[in-house]
Amino acid sequence: MSKKKQKQLTIMVVIVAAMAAILVVAIQLNNWNTARQEAAEDAAIPRVLTLDDVTGVTFVNGDSSLEFLLNDDDEWYWADDEDFLLDDTAVATVAGLAEDFQANASFEIADDLSAYGLEDPDLAVIYTTEDGDTYTLLVGGTTGDYYYAMLEDGDTIYTIADTLATNLGYDLYYMADLADYPSLSSDIIQDVTLTSGDSEITFTIGEVEVEISDDEDEDADSSAEGDASSSSSEPETEIEYHWFLDGEDVTDQSQITSLNTEVDSISMYSLAAFKPTDEALEVYGLTEPTMTLTVRYTDEDDDGDEITVTSVLTVGGYNEDEDAYYCTLDTNPNEVYLISASSIETSLELAANGLTYDSEDAEDTDADTSTDSE
């Protein structure tokens, strides 16, 4: 290679290296500017609180207050009674806000606090830190989609999103972790007993081997009828789970279809009382129940062994305002729930009146009786 070409190559290498260096500097400068801009924007967002060690939260709503504390497992519980089954979603949300409580805007107090609904507000939250320090945040009226808020004895008013106000508006029973009724399909149910007063009716569930109907196979068999080369085979079967009453298969009765659906989908939608007194149980109609639904079913223990489990749902009085019944589960004796009347109407009917056979079956029965008499 000639000296001239070597010189040209050297110049090109230097130019490329210089351009690469310029590109690196430009990228770094852009990243630095972006970071500085984001930092400036973040710094411009007003902060109501920045707490990282909240161990207690008190919801204040009018004249009532609910205190919640954090246990060693980082789970929130109701300070008045740790036995209360709490769904701590709302509490965790409110506590989490304090870590970096951002406001939409902030300004110094210019008018009387009543102008912002902060003179005597209904809503407030009290944060308690691990050191025992407390911070009370008052929540006032609304302005557009935001709420006015201020720290107690503070000199700044903030506008904040509705997340805090929404969660502070929940009462204790709304935050209850409702008991789960077991999912009970026919393949695991052993028997179902419905009791009302002195009346009792028990349905047993058992396996029945039924022949599988296949229209295509039937057509093929029909077209091949008389063909000496065709060979017969055993029909295919499958196992179904049928309901029996006093040994009679009643699976096809409409009430049984409805009962099967009810038993597999029972759920309570609200907590009505926690640790009720005997007097309260009487008021709820649970000392003389309207109905008791007892289901025995097959389950597995922790070792995977098959066991029989009994679930008892006790249904008390009717709440006309809610169109619901008061009820308790044997697994949660401290709690009284509300269950929709429509979700257990077939169970109530069967418990009170027994099985009412479908009209077509009743007509068939009458016809058979008439034929026999002739």
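Modeller: We start with a definition: two strands pair if DSSP finds at least two bridges between them. Helices (H or I, at least four residues) and strands (E, at least two) are DSSP runs, numbered from the N terminus.

Biologist: What kind of model is this?

Modeller: The model is predicted: local features need pLDDT of at least 70, side-chain atom pairs count only at pLDDT 80 or more, and totals for chains, interfaces and linings use all residues. Residues are numbered from 1 along each chain as its sequence is written, and side-chain values use heavy atoms, with hydrogens and water left out.

Biologist: How many helices and strands does the protein have?

Modeller: Eight helices and 19 strands.

Biologist: What is the order of strands in the open sheet?

Modeller: Nine strands form the open sheet, in the order S14-S13-S12-S11-S16-S17-S18-S19-S15, and their pairing is antiparallel.

Biologist: How many bridges join S11 to S16?

Modeller: Six, between strand S11 (residues 189–196) and S16, and the two run antiparallel. Leucine 194 lies opposite leucine 293 in S16. Valine 192 has valine 295 of S16 as its bridge partner. On the S12 side, S11 has six bridges to strand S12 (residues 199–211), also antiparallel. There valine 192 stands opposite phenylalanine 203.

Biologist: Which residue takes a positive phi in the hairpin of S11 and S12?

Modeller: Glycine 197, with a phi near 60°; two residues lie between the strands.

Biologist: And what about the hairpin of S16 and S17?

Modeller: That hairpin has five residues between its strands, and glycine 304 takes a positive phi near 85°. S16 and strand S17 (residues 306–319) are antiparallel and share 10 bridges. Tyrosine 297 is bridged to valine 309 in S17. Next in the sheet, five bridges pair S17 with S18 in the antiparallel sense. Valine 315 has cysteine 327 in S18 as its bridge partner.

Biologist: How do side chains in a regular strand sit on the two faces of the sheet?

Modeller: In a regular strand, side chains alternate between the two faces.

Biologist: Now burial. What counts as buried or exposed?

Modeller: Buried means under 20% relative accessible area, exposed over 50%, and partly exposed in between (1.4 Å probe, protein chains only). Of the 374 residues of the protein, 33% count as buried.

Biologist: Why is S11 largely enclosed by the rest of the structure?

Modeller: Six of its eight residues are buried, so S11 is largely enclosed.

Biologist: Which residues of helix H7 are buried?

Modeller: In H7 (residues 345–353) they are Thr346, Ser347, Leu348, Leu350 and Ala351. The buried residues of H7 pack against S11, S12, helix H5 (254–265), S16, S17 and S18. Just after H7, glycine 354 takes a positive phi of about 75°.

Biologist: What share of contacts with a separation of 6 or more comes from residues 24 or more positions apart?

Modeller: 63% in this protein.

Biologist: Aromatic pairs next. Which rings pair?

Modeller: Rings of Phe, Tyr and Trp (its six-membered ring) pair if their centres lie within 6.5 Å; planes under 30 degrees apart count as stacked, over 60 as edge-to-face and the rest as tilted. This rule gives 10 aromatic pairs. The rings of phenylalanine 107 and tyrosine 116 have centres 5.8 Å apart and planes at 50°, so this pair is tilted. Phenylalanine 107 is partly exposed at 30% relative accessible area, while tyrosine 116 is buried at 7%.

Tyrosine 284 and tyrosine 326 also form a tilted pair, 4.5 Å centre to centre with 40° between the planes. This pair links distant parts of the chain, 42 residues apart: tyrosine 284 is in the loop between helix H6 (278–283) and strand S16 (291–300), and tyrosine 326 is in strand S18 (residues 324–329). Tyrosine 284 is buried at 17% relative accessibility; tyrosine 326 is buried at 15%.

Biologist: Which residues form one aromatic cluster?

Modeller: Trp78, Phe84 and Phe274.

Biologist: Last, the surface. Which residues make the nonpolar patch of about 300 Å²?

Modeller: Patches are made of residues with over 30% relative accessible area and no salt bridge: like charges are joined within 9 Å, nonpolar side chains (Val, Leu, Ile, Met, Phe, Trp, Tyr) within 5 Å. A salt bridge is a side-chain nitrogen of Lys or Arg within 4 Å of a carboxyl oxygen of Asp or Glu. Accessible areas come from the Shrake-Rupley method with a 1.4 Å probe; for residues, only the protein chains shown count as cover. Here Ile11, Ile15 and Met19 make the patch. Isoleucine 11 belongs to helix H1 (residues 3–44) and is partly exposed at 44% relative accessibility.

Conventions:
Contact means heavy atoms within 4.5 Å.
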